[in-house]
Amino acid sequence: MAGTELAGAPAADTAPTEVKHLIGDQWRSASDGASFESRDPHDGSLLANVARGSAADGEAAIAVARDTFDSGDWSDLSPKQRAVILHRVADAVDAHREELAELETRDGGKTITQSLHAEIPRVAHNFRFFADYVAMAANEAYPDGDLLSYVLYPPAGVVSAISPWNAPLMLATWKIAPALAFGNTVVLKPAPQTPLTAHRFAELALEAGLPPGVLNVVHGFGGDEVAGPLTSDPRVDRITFTGSSVTGVKILQAAAVNHTPVSAEMGGKSANIVFADADLDVAVPKSIRAIFGGNGQVCLSGTRLLVQNSIREEFLERFVAEAAALTVGDPKDPTTFMGPLIEQQHLEKVHGYVELAQEEGGKVLVGGERLRDPARAGGFYYPPTVITGLTNQARAAREEIFGPVETVLGFDTEEEALRIANDSPYGLAGMLFTQNLDRAHRMAAKWRAGTVWINTFFERDLRLPFGGEGISGLGREGGQYSRDFFTEPRAVTLRLGR
Ligand code: NAD
């Protein structure tokens, strides 16, 4: 492909990739020539020099996305015609699964097992699901005597998609796929820490037949740089954002000037509640995965583990032993459970919270110090860490740490567990382990969280609404909820018989 040397996952000893913006059919360096580096969090090796977009680059991408949308070349296709192309994009992802998985793992430190078997397959599924959903979704029609009313769902227009580093291509395509399927054009800005898979994906999408200008990708940083116009330009019709709650506020403020609708999926501090009647053979390993999976950098993580006091000792003994036994190391090794954290600054933030927890009276049962042995000294490695002795009022139990740090709290009754779970400014998810289904339903109905998992974790049906309450989110995406956001529903009423 023109303008790029990323024709495959480069070996560790090859020259760094040149990652450029994709604007229309052109691969462009930053207009002012600026660039930044993307490095491997496992050993710090340089992976890519990346175009550092300015506001002018963002505006150029929006202009192309606008013209492409207004031309009707994409938006006027029927859902079935768009679905044919989007399925080809999914086919290309499947055909390059190993290459994309390796890129994801090297760029962000996600384990190869997760990249290969969960995240990249989900990228293809995002496209297949929304391609089919749009082609097959039922539409509303209300015949009423000689009045016929129905709803049209024309695309909204130009969509800005702003994504984080913790599940880079999976979350970017969770936005791009529905936006495109409903007939919009897109400007994507991936997180600066993890630009590689978005870049390679854009190449594959063009090769698969996505018309130029339908998907544009710009790289770089927040509000004062390339992301500025993505949130404040009046030619943008929708902003879909996943990232921290702090950034979310800035985006909402910028978008308010033009009344641009925003869908925001943000941080979490979810409770994972284990009752005495839970099957511990299920609850222990699922709880381990709910906090330490994804290197502990998952918005949905069960970061506050609430264990019923009558089984607290038994549960903790098993939980801590399993945490201590997890393999932490090179994410390219298929036997690794946890790779490195994303970057030095983030590692310092995570460790800072562990120190704060100790100042607040917490006791570290396992972990709590950066791993500095020779095999891991070059990377940002932090071990699974379990802390007890805090109350739910401690900052470490209230603020998002976004690392492999579990704070364990006790409770006696169902009411107390629910009160603690809901006592948080966040409201993204909740996990519940019990064999009492009456209790499970009672709690799900009262839990202030966008998603509640019962005796499981992280399983997703893309028809379900996804999002959060409180400072975890604004709006929902998934199935019909994505249609509501990425289209402008229009009521049509027709008087017949004249
Ligand atoms: P972040 O908020 O720092 O950055 C996210 C994206 O926003 C990046 O692309 C960044 O460059 C961009 N950005 C930063 N400032 C901006 C501005 N002023 N205007 C426009 N764009 C701007 O988040 P992060 O550190 O990349 O990701 C981690 C956070 O994401 C955590 O809080 C995590 O909980 C959250 N997250 C939420 C979900 C969810 O579905 N709710 C999923 C994954 C991650």
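The legends below describe close-up views of a predicted model.

Residues are numbered from 1 along each chain as its sequence is written, and side-chain values use heavy atoms, with hydrogens and water left out. Local features need pLDDT of at least 70 and side-chain atom pairs count only at pLDDT 80 or more, while totals for chains, interfaces and linings use all residues.

**View A. Asn295 has a positive phi in a loop.** Most residues other than glycine have a negative phi. Asn295 is not a glycine, yet its phi is about 60 degrees. The loop that holds Asn295 runs between α9 (280-292) and β14 (304-308). Helices (H or I, at least four residues) and strands (E, at least two) are DSSP runs, numbered from the N terminus. Asn295 counts as buried because its relative accessibility is 1%; buried means under 20% relative accessible area, exposed over 50%, and partly exposed in between (1.4 Å probe, protein chains only).

**View B. Phe402 has a positive phi of about 60 degrees.** Phe402 is not a glycine either. Its place is the loop between α12 (395-398) and β17 (405-411). With a relative accessible area of 13%, Phe402 is buried.

**View C. Tyr133 and Phe182 form an edge-to-face pair.** Rings of Phe, Tyr and Trp (its six-membered ring) pair if their centres lie within 6.5 Å; planes under 30 degrees apart count as stacked, over 60 as edge-to-face and the rest as tilted. The count by this rule is 15 aromatic pairs. In the pair of Tyr133 and Phe182, the ring centres are 6.5 Å apart and the planes stand at 70 degrees, so the pair is edge-to-face. Distant parts of the chain are linked here: Tyr133 belongs to helix α4 (residues 112-136) and Phe182 to the loop between α5 (168-181) and β9 (185-189), 49 residues apart. Tyr133 and Phe182 are both buried.

**View D. Trp174 and Phe466 also form an edge-to-face pair.** Their centres are separated by 6.2 Å, with 85 degrees between the planes. Trp174 is in helix α5 and Phe466 is in the loop between β20 (451-454) and β21 (469-470), 292 residues apart. Both residues, Trp174 and Phe466, are buried. Ring pairs join Trp174 and Phe466 with Phe129, Phe130, Tyr133 and Phe182 in a cluster.

**View E. Two arginines lie over aromatic rings.** A charge sits over a ring if NZ of Lys or CZ of Arg is within 6 Å of the ring centre and within 35 degrees of the ring normal. Arg460 lies over the face of Trp174, 5.1 Å from the ring centre. Arg238 lies over the face of Phe485, at 5.7 Å from the ring centre.
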